[in-house]
Amino acid sequence: MGSLAGKVAVVTGASRGIGRGIALALADHGATVYVTGRTVVPGSHALPGTVGETAAEVDRRGGHGVAVQVDHADDGQVAALFEQVEREQGRLDILVNNAFSLPEDLTEPGSFWEKPLSNWEMVDVGVRSNFVAAWHAARLMVPQGQGLIVATSGYVGVTYTYGVVFGTCKSAVDRMARDMAIELKPHSVASLSLWQGLTFTERAERNLARDPSMKAQTVTNPLIGSSPEFPGRVIAALAVDPDVMARSGGTFITAELATEYGIKDIDGKVIPSVRAQRGSPIWSPV
């Protein structure tokens with residue numbers, strides 16, 4: 001795998017969880033990573049992690065971390081983020097759209113009419129936020145004639161998982177990545193979506209501890225789970241793949257791309273695809 005030294009990435013929703021893991025994996029290859037999120041004060045969120053702590057770890061891992069407090073529901077803050085990237089770096093090579101507003105009751109039992117309408121916030125920060133960030137990113141990437149936009153998604157895009165709004169969002173993210181790819185193709189900017197299975201984020205670890213019965217479900221079976229850094233390793237490989245445009249527009253299972261690139265998880269584990277149990281992506285490269 002080639003180096004990402006000199007490359008600039010924006011990873012949204014990276015105070016903790018998958019976003020943090022992706023930022024650290026890109027740091028291992030020397031990237032400059034703009035880390036966005038709402039949490040800046042340790043202890044102010046129920047789960048650990050801040051944008052500053054992630055950025056500091058990016059530095060320790062060999063990259064250059066830049067922490068930026070961003071509420072991805074606020075278009076003004078998002079615009080200011082990309083203005084900062086352009087001002088400070090003059091380029092953008094990678095955008096990872098990972099920010100997602102997960103309600104606390106997502107994994108709790110109950111049908112859509114029994115849960116609050118506020119769960120629609122997943123559309124606002126999870127779908128609309130992806131479009132807004134990609135809109136700004138494209139305005140930097142298109143003139144330079146290269147770039148990679150990745151949306152983090154999952155098997156929920158085709159298989160019922162936890163609730164109506166959650167599935168709607170991930171299906172939309174996959175289709176958005178595909179249609180963006182059509183319009184970006186003439187400019188050599190790639191857009192694709194990656195499906196994660198169970199990922200051992202702070203939230204997932206907490207939920208598994210609270211409800212051990214989740215371990216018996218395919219969707220939350222720890223035996224097939226990965227670290228938060230696993231998808232970042234695959235994104236790093238995509239970013240240096242000279243044939244990445246051949247994948248643009250597709251939805252890919254992270255575990256399957258990892259096998260193609262010869263990538264294992266941080267503990268050396270080979271992460272299995274659960275295509276057979278949970279479904280197959282709809283969209284192929286354009």
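Which strands does helix H4 lie across? I started there, keeping in mind that this is a predicted model. Helix H4, residues 121-144, lies across S4, S5 and S6. I also noted its direction: H4 runs at about 175 degrees to strand S4 (94-97).

Next I looked up helix H5, residues 164-184. H5 packs on the sheet too, where it touches S5, S6 and S7. Its direction makes about 160 degrees with that of S6.

Then I turned to the sheet itself. I found an open sheet of 7 strands with parallel pairing, and I wrote the order down as S3-S2-S1-S4-S5-S6-S7. The edges are strand S3 (64-69) and strand S7 (251-253), each of which pairs on one side only. On average, neighbouring strands are turned by 20 degrees against each other, ignoring direction.

Strand S5 (residues 147-154) and strand S6 (residues 189-196) run parallel and are joined by 8 bridges. For alanine 151, I find serine 193 in S6 as the bridge partner.

Last entry: helices H7 (residues 230-240) and H8 (residues 254-261). Their axes come within 10 Å and cross at roughly 55 degrees, which makes H7 oblique to H8. I have the crossing down as left-handed. On the H7 side, the contact is made by Phe230, Pro231, Val234, Ala237 and Leu238. On the H8 side, I listed Thr254, Ala255, Leu257, Ala258 and Tyr261. What kinds of residues make up this contact of H7 with H8? I get 9 nonpolar, 1 polar and no charged.

Methods
Residues numbered from 1 in each chain as written. Predicted model: local features only at pLDDT ≥ 70, side-chain atom pairs only at ≥ 80, totals over all residues. Heavy atoms only, no water. Axes fitted to C-alpha atoms, helices over the stretch in contact; angles between N-to-C directions. Helix = DSSP H or I, 4+ residues; strand = E, 2+ residues; numbered from the N terminus. Parallel < 35°, antiparallel > 145°, perpendicular 65-115°, else oblique. Left-handed = near helix turned anticlockwise from the far one by under 90°. Contact = heavy atoms within 4.5 Å. Nonpolar A, V, L, I, M, F, W, Y, C, P; charged D, E, K, R; others polar. Pairing = 2+ DSSP bridges.
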